[in-house]
Amino acid sequence: MTALDLSSPVAVVGTGTMGQGIAQVALVAGHPVRLYDAAPGRAREAADAIGARLDRLVAKDRLTGADRDAARARLTPAGSPADLADCALVVEAVLERLDIKQELFRELEEVVSDDCLLATNTSSLSVTAIGGALRNPGRLVGLHFFNPAPLLPLVEVVSGFATDVTSATRAYETARAWGKTPVACADTPGFIVNRIARPFYAEAFAVYEAQGADPATIDAVLRESGGFRMGAFELTDLIGQDVNESVTRSVWQSFFQDVRFTPSLAQRRLVESGRLGRKNGHGWYDHREGADRPEPHTAERQQPPAYVVAEGDLGPASELLAVIREAGIQVREEDEDNGSRLVLPGGGQLALADGQTSVEFRDVVYFDLALDYRRAARIALSASQDTSPQTLAEATGLFQALGKDVSVIGDVPGMIVARTVARIVDLAHDAVAKGVATEEDIDTAMRLGVNYPLGPFEWSRRLGRNWAYALLDDLHLREPSGRCAPSLALYRHAYASDKREGNGS
């Protein structure tokens with residue numbers, strides 16, 4: 001099954017931001033495009049707005065004047081659904097209400113030909129439920145573009161329970177022909193991105209609710225240690241707190257209030273207070289003109305230790321030993337079977353976050369996971385009230401000697417980056433086990449859809465087979481609500497043999 005021929009007209013119903021963006025993508029790809037909106041005059045306004053954006057592309061040398069003129073000639077506002085009768089594809093981008101979408105597709109089914117492909121751009125509703133209103137639900141597929149559609153490459157191609165394979169394949173190939181990167185996905189709450197991204201927000205909010213750190217510090221650690229483009233608090237301010245919380249609540253309810261997707265009480269209070277983020281000037285941060293941006297907690301300078309003793313394998317932090325040596329600090333290595341840690345001159349211990357708390361061990365400081373310990377600009381440390389000041393000072397001085405800013409947070413098991421990555425990895429393994437998508441498509445979706453530095457399975461391979469499971473298992477023991485309990489899929493992954501049945505390799 002191939003993509004739609006460029007001579008085939010494409011219709012977009014709903015002319016808001018997403019509708020206009022999708023129409024522009026199809027138009028620039030070379031299709032005749034029909035715009036329809038139930039509100040009188042909206043389709044014409046949308047066509048004018050798209051024309052203005054094409055003008056800006058010409059001004060930026062991203063489109064030739066001739067191509068712009070040809071595209072404008074292919075763009076037609078439609079006066080009624082009947083004007084869409086000859087379209088080969090109709091993409092819906094109307095209000096996110098099931099009854100409205102079902103009624104629209106029932107109306108379209110009476111107008112378009114039997115081989116017309118129908119697509120919904122829903123981000124939160126069930127494609128299966130939308131298609132349930134149709135005589136032929138097999139031709140309905142989800143085409144979930146990301147905003148702004150002309151710029152972001154990812155498109156989730158969602159197959160409902162009744163979607164025909166030929167329909168999904170044609171939609172997939174058409175999205176690819178439009179210059180997008182499609183990923184195939186089953187009809188599950190949140191699809192790929194909005195399902196697997198929930199822990200990025202949830203774990204940051206959980207650390208905040210536990211009084212582990214303030215939003216500015218958590219965001220700085222996620223960016224400067226975890227390698228994420230934005231922190232959870234600044235990103236939700238950009239998205240809109242009401243929008244982000246609504247998606248979280250929708251996924252949670254769609255999974256029958258699965259505790260793994262429980263919304264944040266702190267975010268709920270923020271929404272109730274009317275602090276919705278950038279769009280109204282105040283969210284987690286104050287975005288009003290002249291407002292001061294809070295700084296992350298950064299520890300004062302401390303003297304570095306003269307040496308450290310490395311006991312055991314540091315696992316995901318093993319590259320840290322070379323970085324310490326390069327900073328002129330002696331590393332003495334000892335083979336031990338009682339854990340992986342650095343011993344500081346004062347006798348205190350420094351260990352990679354593992355889901356346990358500092359208070360459980362005498363005089364220990366935990367350090368957080370980093371995407372790249374050599375390049376990380378900031379490292380978070382966690383200590384309890386029983387950690388000696390000398391041990392905390394030596395640990396702080398060590399990382400400062402490596403050129404890192406140090407943020408000392410509360411005694412939070414799993415810290416910030418480590419627990420976030422572990423939960424993302426867990427949900428990704430669970431999604432593959434349940435047939436939501438392939439490992440490759442999940443990695444692609446999370447890199448392109450939300451700009452993660454690595455896909456979940458790339459993280460998983462880098463961190464080691466057992467790492468995420470062990471951390472979450474520790475977290476679950478200390479926070480036994482079930483929210484952090486590792487999935488059966490992750491358990492199987494952690495304890496499966498590396499050998500492949502039948503080939504001995």
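In this predicted model, strand S9 (residues 307-311) has 4 of its 5 residues buried, so S9 is largely enclosed by the rest of the structure. Its neighbour is strand S10 (residues 330-334): the two run parallel and are joined by 5 bridges. One of the residues involved is Val-308, whose bridge partner in S10 is Val-331.

From the strands we turn to a helix. In H17, which spans residues 456-463, the buried residues are Pro-456, Phe-457, Trp-459, Ser-460 and Leu-463. They lie on the same side of H17, because the arc they cover around the axis is only 155°. What do these buried residues pack against? Their partners are helices H7 (193-196), H15 (417-433), H16 (439-450), H18 (467-478) and H19 (488-495). After H17 comes Gly-464, with a positive phi near 105°.

Helix H18 also holds Asp-474. Is this residue buried or exposed? The relative accessible area of Asp-474 is 17%, and the limit for buried is under 20%, so Asp-474 counts as buried. Leaving aside residues up to four places away in sequence, Asp-474 touches Asp-354, Gly-355 and Gln-356.

The next feature is the largest pocket, with a volume of about 1,200 Å³. It is lined by 40 residues, and those closest to its centre are His-144, Phe-146, Asn-147, Ile-239 and Val-243. Several elements each supply at least two lining residues: strand S6 (140-145) and helices H7, H8 (198-209), H10 (232-239), H11 (241-254) and H16. The largest share, 6 residues, comes from H11. By type, the lining divides into 22 nonpolar, 13 polar and 5 charged residues.

Asn-147, one of the residues closest to the pocket centre, is joined to Pro-148 by a cis peptide bond, with omega near 0°. Pro-148 sits in the loop between S6 and strand S7 (154-159).

Two other loops hold residues with backbone angles to note. Phe-256 is in the loop between H11 and helix H12 (265-272). Its phi is near 55°, a positive value in a residue other than glycine. Asp-363, in the loop between strand S12 (349-352) and strand S13 (364-367), is also not a glycine and has a positive phi near 55°. How accessible are the two residues? Phe-256 is exposed, with 78% relative accessibility, whereas Asp-363 is buried, with a relative accessible area of 14%.

Definitions and conventions:
Residues numbered from 1 in each chain as written. Predicted model: local features only at pLDDT ≥ 70, side-chain atom pairs only at ≥ 80, totals over all residues. Heavy atoms only, no water. Buried < 20%, exposed > 50% of the residue type's maximum accessible area, 1.4 Å probe, protein only. Arc of directions from axis to C-beta. Contact = heavy atoms within 4.5 Å. 1 Å grid on protein atoms, 1.4 Å probe; cavity = no way out; pocket = protein on both sides within 12 Å on 5 of 7 lines; lining within 4 Å. Points joined across faces, edges and corners; volume = space filled by probe spheres on them. Nonpolar A, V, L, I, M, F, W, Y, C, P; charged D, E, K, R; others polar. Pairing = 2+ DSSP bridges.
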